[in-house]
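Please look over the following chain with its helices in view.

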Amino acid sequence: MSTKKGNYFDASLVFFLFLLMICSCVSIFSAQKYAQYDENFFMKQIIWFILGIIIASVIFLFDFEQINKVTPYFYGLGILLLIAILVVPESIAPEINGAKSWFRVPGIGSIQPSEYMKIFVIMMLANVTYKHYEIGNADAIKRDFILLLKIAAVSLPPVLLILKQNDFGSALVIVVITLAITFLSGINWRIMLVIFFLIISTVTGLVLTFIYNPDFLLNIFGTYQLNRIYSWLNPFEHAEGIGYQLKQSLLAIGSGMIDGKGLQQSNVYTPEAHSDFIFTIVAEEFGFIGASIVISLYFLIIYRMLGIAMYVRNNLFEFYICIGMVALFTFHTFQNIGMVSGLIPITGIPLLLMSYGGSSVMASMLGLGLVLNVSLKKRDYMFSNDE
């Protein structure tokens with residue numbers, strides 16, 4: 001058996017990412033005029049992008065056999081960081097906006113382990129799924145249940161630790177990534193139907209409990225999470241309190257109309273406009289046209305990653321990494337834009353590569369580096385005589 005290296009580096013994906021980075025820097029530069037914090041987020045974001053590009057480039061130095069071997073170590077490191085953030089004093093890991101999710105590092109800023117954990121979970125789920133099918137099992141049903149146990153063993157610890165930090169949004173992202181990889185892992189459709197039914201039943205139960213017995217959910221999720229639901233259901237009723245951010249976001253997006261007010265011409269103040277609510281700046285200053293362009297860029301990036309996944313669908317480890325990244329970008333995009341436009345509750349999830357944030361940018365670039373590595377180093381295996 002001989003191998004032939006393919007030259008399928010996806011330059012179009014790199015181009016779309018570059019355009020998104022430009023959109024991010026322009027929007028953050030414009031958002032800084034509100035001066036919510038005394039920092040130059042525009043320059044910092046450029047630095048994060050440069051560091052992210054370096055991280056993505058370093059990934060090219062390794063093949064996927066090496067990446068597969070070190071994956072459990074990265075996953076273990078991520079788990080240790082999630083545990084550490086819960087036990088260290090608040091001087092090192094302060095509580096911000098109701099969540100204890102960041103390490104404070106002098107001279108650097110804040111590091112959010114949960115952002116990196118999303119990538120480590122993708123890698124680890126790809127690792128265990130690939131190895132599971134590599135070993136094989138004669139009993140298909142037993143094999144599928146064993147795989148489900150392995151997937152649960154990988155995803156549950158980070159989800160529970162992140163929920164303990166009061167970061168419901170990041171925990172939900174990991175759940176979605178897990179479901180995406182599980183549904184494409186080849187598990188019997190009857191088992192998947194049962195899982196789907198359990199998910200629907202759980203969501204229905206939570207909705208009914210919220211309607212008829214909200215105090216029960218208050219004991220589980222706490223006041224902070226329930227307030228987000230109340231502010232989502234009627235932001236203008238809570239306009240001076242918990243609904244203020246969403247109210248301002250809706251006013252900003254609506255005031256942009258078709259073609260927007262122009263660069264740095266926004267005048268509706270929205271808290272965290274440089275980070276989680278960066279889309280409000282895009283919509284207000286560049287209108288429906290600008291917002292559509294940004295959304296189209298995300299669709300194109302997701303489309304290209306799906307193309308790479310299909311290209312390597314016979315190489316399971318690489319395939320599941322690509323699928324995990326597709327799930328990550330898809331959910332972040334729909335969740336963030338949905339929450340700033342009032343379609344779904346606010347969860348504090350950033351708009352990847354648009355929102356300001358070092359951890360989010362570098363974690364995203366780490367994952368994208370893996371996807372681009374898949375396209376760069378894809379190998380076609382052919383049965384032939386070595387010559």
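A crossing is called left-handed if the near helix is turned anticlockwise from the far one by less than a right angle, and right-handed if clockwise. The model is predicted, so that local features need pLDDT of at least 70 and side-chain atom pairs count only at pLDDT 80 or more, while totals for chains, interfaces and linings use all residues. Residues are numbered from 1 along each chain as its sequence is written, and side-chain values use heavy atoms, with hydrogens and water left out.

By this convention, α6 passes α12 in a right-handed crossing, where helices are DSSP runs (H or I, at least four residues) numbered from the N terminus. The axes of α6 (residues 168-183) and α12 (residues 316-340), which are lines fitted to C-alpha atoms over the stretch in contact, with angles from 0 to 180 degrees between N-to-C directions, come within 9 Å and cross at roughly 135°. Residues of α6 including L172, V176 and I177 meet residues of α12, among them Y320, A327 and F331, contact meaning heavy atoms within 4.5 Å.

F329 touches, among others, Y298, M305 and L353.

In the loop between α12 and α13 (358-376) lies G342, whose contacts beyond four places in sequence are W232, L246 and L250.

Key
Helices (H or I, at least four residues) and strands (E, at least two) are DSSP runs, numbered from the N terminus.
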